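Q: I have a model open and would like to talk it through with you. Could we go chain by chain and then look at the contacts?

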Amino acid sequence: MHSKTSDLLISDACFSYTGGFTLNHINLFVPNGQMVGLLGPNGCGKTTLLKLAAGVLVPSEGDVRIGEMSLKKLLRREVARQIAVVPQEFNIPFAYTVEEVVMLGRTPFLKGLNGESKRDHQIVSGVLELTGMAGFRNRYFNELSGGERQKIVLAMALAQEPVILLLDEPTSHLDISHQIEILELLRRFNREKKVTIVAAMHDLNLAALYFDRLVLLDRGLVFADGSPDEVITGEIIRKVFSAKVEITRHPKTSVPQIVLLPDNPSSFS
Amino acid sequence: MRKHKTAIMFGLAVFLLAVVLLSVSIGPVRITVPEIIKIVLHKVGIYRNTGGWQAVQESILFQVRLPRVLGAVLVGAALSTAGVLFQGLFRNPMADPYIIGTASGAAFGATLAMLLPLSLVFYGFGLVPIAAFLGALGSVLLVYRLARFGGKAPIISMLLAGFVTSSFLVAIIMLLLTMSDRLGLKIQQVFSFLMGGITVTYWQQIEVIAPLVVLGIVAAMFFAVKLNAFSIGEEGAAYLGINVEREKMIILGVGSLLTACAVSIGGLIGFVGLIIPHAMRLILGPDHRLLIPASALAGAAFLVIADLLARTLLSPAEIPVGVLTALIGAPFFLYLLRRSRREYAF
Amino acid sequence: MKLLRFFAAILVICLAGLTACSKTSTPTSTTYTDDLGRIVTIQTTPHRIVSLSPSNTEILFALGEGSEVVGTDDYSDYPAEAKTITHVGSAFPSFNIETIVSLKPDLAVAFGYTLPDYATKLQSLGIPVIVLAPKDVSGVINDITLVGKITGAASAAKTLTTGMQNSLNTVESKIKGVTAPRVLWEFDGTDPGNPWVAGPGSFNDALITLAGGQNVGAGGPTSSWQMGTEDIVKADPQIIILDDYQFGMTVESVEQRPGWSAITAVKNGAVYPITDSDLTDRPGPRVIQGLQLLAEIIHPELFK
């Protein structure tokens, strides 16, 4: 059962693994169709926030809603039909083909002993096309390169036909060209299918380039939330990342880009 | 190979039937296949003529051989299916049905029963198989409880708890044995149990175990899709909409039930639950919807053959079936591995 | 000079005296060969004996040496007086070596078809160990003779063994030329489809043959092995002996075992429980009674 709208609302959510606070009264509203980048140093709670948004973790206080429905009230299966996740790590110890892996994305829709329907196969084909991996259909997943695998994992998540797509550092292990590929795909998907995207990013420049809105977390709290111009400032970066940077403008799109400053610039010339 | 799925399933079923017929016809009392067919059809009411076989053949066929071979079918199917379930759940092709302590639990129950001066027969089951069954289930429950923390029972914790429980139970078994009377005979009996062997004496045992095993396999097939999802890990499975803790418990439960059933009529037969799922995965691919029924059929056939060899190779003495499953299984498995080296590139 | 000769004389006298003393305190030692072919030297006639098996205890008591038994294994229970003697453990899991040593025995009588570790241990502690391992009734008779010699009860042994030999001869002569029926000896039928039976080389196998029977289990691999129902049906014993009656096995339950109705012994109601297993399973003086019991079962027409 779908909610009336598919806005994502995290209200006043708290969560801790053991002892101290991982997430502390987080409020985040992502309207349908937005593409949001989650930033922050390691351990700030990005992954935890994504898991709360996906419904696999339950906040100790506060609530997570999709549209009007609280995730707590939905079955896992119902949630998976609307929210898909591309996790940071992905390995399969068995020899599945690419097609089989992408088909796993249809799991929330498969019933009992029935096989896949024609529609399921159509969706899988469509998603393989979208990600440009149609030619890899019968290859073994484990034999692909890192970049190729990431695209397949993305395809699998897309096969769930989600209204909200969550990604945990989707570009961190990839070559530059693959990073661009993935982000271009996400942007296209967001623009064309109106899928809401929330992605944890570690590369600030790529995040500024591809995301309309950036949310910066620091030690379980939202430190900054706004456009790249508002969030990527020298002051904020210094405060949160303890790094000295200079802000320049991207030559083509004029979004802010950070340039790292070494401690002793004079030793370089 | 993956394309001819229905053909392979059908082939496996026919192979199983052939192997069963063969096994039933071989033994100290000679019964030929035509005689078997005549006797069975007569029993069922289709074939009216009597004569053409001796009374002792009919008696041996129905009272000794058929129950035993059917026992082998059930044990082989149950262990293979349990193996598939555990390998899928633990995402580990080296998992076998005994991985979380079912073996030591069953051995513990069986040893206790062997040492008690009680004798009871319940639907053809003596105290030993019943205790083995309960022991197997009991140890899984214990392991699950030990591994459970904060509402979740992570796989790694279960493996560790399984190891600890096993070691502990084995130590107690040794202790009980040293304190017992008739130690020489008891050691022989426990050894027999540990080595494995089909001990079906009464039809009632089949009547009790068969429905349980069939139920277990059918239940396993209902979980095939979910097991496929588990291949990407517990976290990934959750993202795909699987209620991980609940499904894990159910799958563990079904797998343990199947293992307990197998142990109650076969003792601790190793290798079947490990290599049959493995072999089937290498031949047919990792989709559990195919893997489960194929493994059940192949496992049943494999064990019928192993049991046949066990009771004929050194007749009248019997080789423990567990020894044969290892002797046949290991080389065959090596062969399969070499043919498909791409399977386990992590 | 005189003093020197005086002292020398005293020295010689002392030395002579000493050697004379030690000579009289040197006992005569004898060597014996036990059933495992070991040659054991025993210094004096033993008067403090430890028996390490129930059959050995029975032998010692039958020879009138009961009063010299200072320790027995946990299972020695015949005759009744044996029960009150200090227990020293049993073969499984282990004898209590310390207890044995504390009893200061000058002989230990053990049992075993291979040399037990504890025998070596006791020997190294200075206690002579005789190991008995009779294969049949004649072997028991030889053992009784041996023990009689060692314990100085040779004449009691002679009387006992003569009687045993006579009984043995009587049985032998009666069964001469008579067809030997097929006999199954069941040790343990807990698994009714695969009972443990007496195999070749076992004591019970020898007993069956002596009593004029033919052990169907003799085709097996070891002295005790599991024989499957089919093999039993094929061998078709005419008599079945239940040595596990002592553990609760009943004739009715045996007759109802699946597939067993085809066996001649079951059809003729020739399934016999052994009410006192000690008579047939203990290789001691009462084994003759066991033999006679068995002969009566196997050849009722000759021995009633």
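The chat below goes through the chains, their contacts and some of their sheets.

Q: Before anything else, what kind of model is this?
A: This is a predicted model, and what follows should be read with that in mind.

Q: OK, chain B then: how many helices and how many strands?
A: The secondary structure of chain B comes to 14 helices and zero strands, so that the pattern read along the sequence is simply α-α-α-α-α-α-α-α-α-α-α-α-α-α.

Q: And does its radius of gyration agree or disagree with a compact globule?
A: It agrees, because a compact globule of 346 residues would have a radius of gyration near 20 Å, and chain B has 21 Å. The C-alpha trace of chain B spans about 65 × 60 × 35 Å along its principal axes.

Q: What share of chain B is buried?
A: Of the 346 residues in chain B, 53% are buried. As for its contacts with a separation of 6 or more, 76% of them are between residues 24 or more positions apart.

Q: Switching to the chain contacts, which pair has the most?
A: Two pairs of chains touch, and the most contacts are between chains A and B. That contact involves 27 residues of chain A and 25 residues of chain B.

Q: Which elements of chain A supply at least two residues each there?
A: Those elements are α2 (76-80), β6 (83-86) and α3 (98-104) of chain A, and the largest share, four residues, comes from α2(A).

Q: How does that side divide by class?
A: On the side of chain A that touches chain B there are 18 nonpolar, four polar and five charged residues.

Q: And the contact between chain C and chain B, how many residues does it take from each?
A: It takes 25 residues from chain C and 22 residues from chain B. On the chain C side, β10 (224-226) and α8 (229-235) of chain C are the elements that give two or more residues, with α8(C) giving the most, five residues.

Q: What about the classes on that side?
A: The side of chain C that touches chain B has nine nonpolar, eleven polar and five charged residues.

Q: How far apart are the closest C-alpha atoms of chain A and chain C?
A: They lie 40 Å apart, and no contact joins chain A and chain C.

Q: Let's look inside chain A: which domains does the assignment give?
A: The domain assignment gives domain 1 of chain A as 1-82 + 162-228 and domain 2 as 92-160. The C-alpha centres of domain 1 and domain 2 of chain A lie 23 Å apart, and the contact takes twelve residues from domain 1 and ten residues from domain 2.

Q: Which elements of domain 1 supply at least two residues each to that contact?
A: They are α2 and α6 (176-193) of chain A, and α6(A) gives the most to the side of domain 1 that touches domain 2, with three residues. By class, that side of domain 1 has seven nonpolar, two polar and three charged residues.

Q: Staying in chain A, what does strand β1 pair with, starting with β4?
A: Strand β1 (residues 8-15) and strand β4 (residues 61-66) of chain A pair in the antiparallel sense over five bridges, and Leu8(A) has Ile66(A) as its bridge partner in β4(A). Five bridges also join β1(A) to strand β2 (residues 23-30) of chain A, again running antiparallel, and in β2(A) the bridge partner of Leu8(A) is Val30(A).

Q: Now chain C: what is the strand order in its open sheet of four strands?
A: The order is β4-β3-β5-β6 (chain C), with parallel pairing. The edge strands are β4 (69-72) and β6 (129-132) of chain C, each pairing on one side only, and neighbouring strands are turned by 20 degrees against each other on average, direction ignored.

Q: How many bridges join β3 to β5 there?
A: Three bridges join strand β3 (residues 49-51) of chain C to strand β5 (residues 107-111) of chain C, which run parallel, and Val50(C) has Ala108(C) as its bridge partner in β5(C).

Q: Which strands does helix α2 of chain C touch?
A: Helix α2 (residues 54-62) of chain C packs on the sheet and touches β3, β4, β5 and β6 of chain C, its direction making about 135 degrees with that of β3(C). Helix α4 (residues 117-124) of chain C also packs on the sheet, touching β5 and β6 of chain C, and its direction makes about 160 degrees with that of β6(C).

Note on methods: Residues numbered from 1 in each chain as written. Chains lettered and ligands numbered in written order. Predicted model: local features only at pLDDT ≥ 70, side-chain atom pairs only at ≥ 80, totals over all residues. Pairing = 2+ DSSP bridges. Axes fitted to C-alpha atoms, helices over the stretch in contact; angles between N-to-C directions. Contact = placed C-beta atoms within 7 Å. Rg over C-alpha atoms; globule rule 2.2 N^0.38 Å. Buried ≥ 20, exposed ≤ 12 C-beta atoms within 10 Å, placed from the backbone. Nonpolar A, V, L, I, M, F, W, Y, C, P; charged D, E, K, R; others polar. Domains from an automatic or database assignment.
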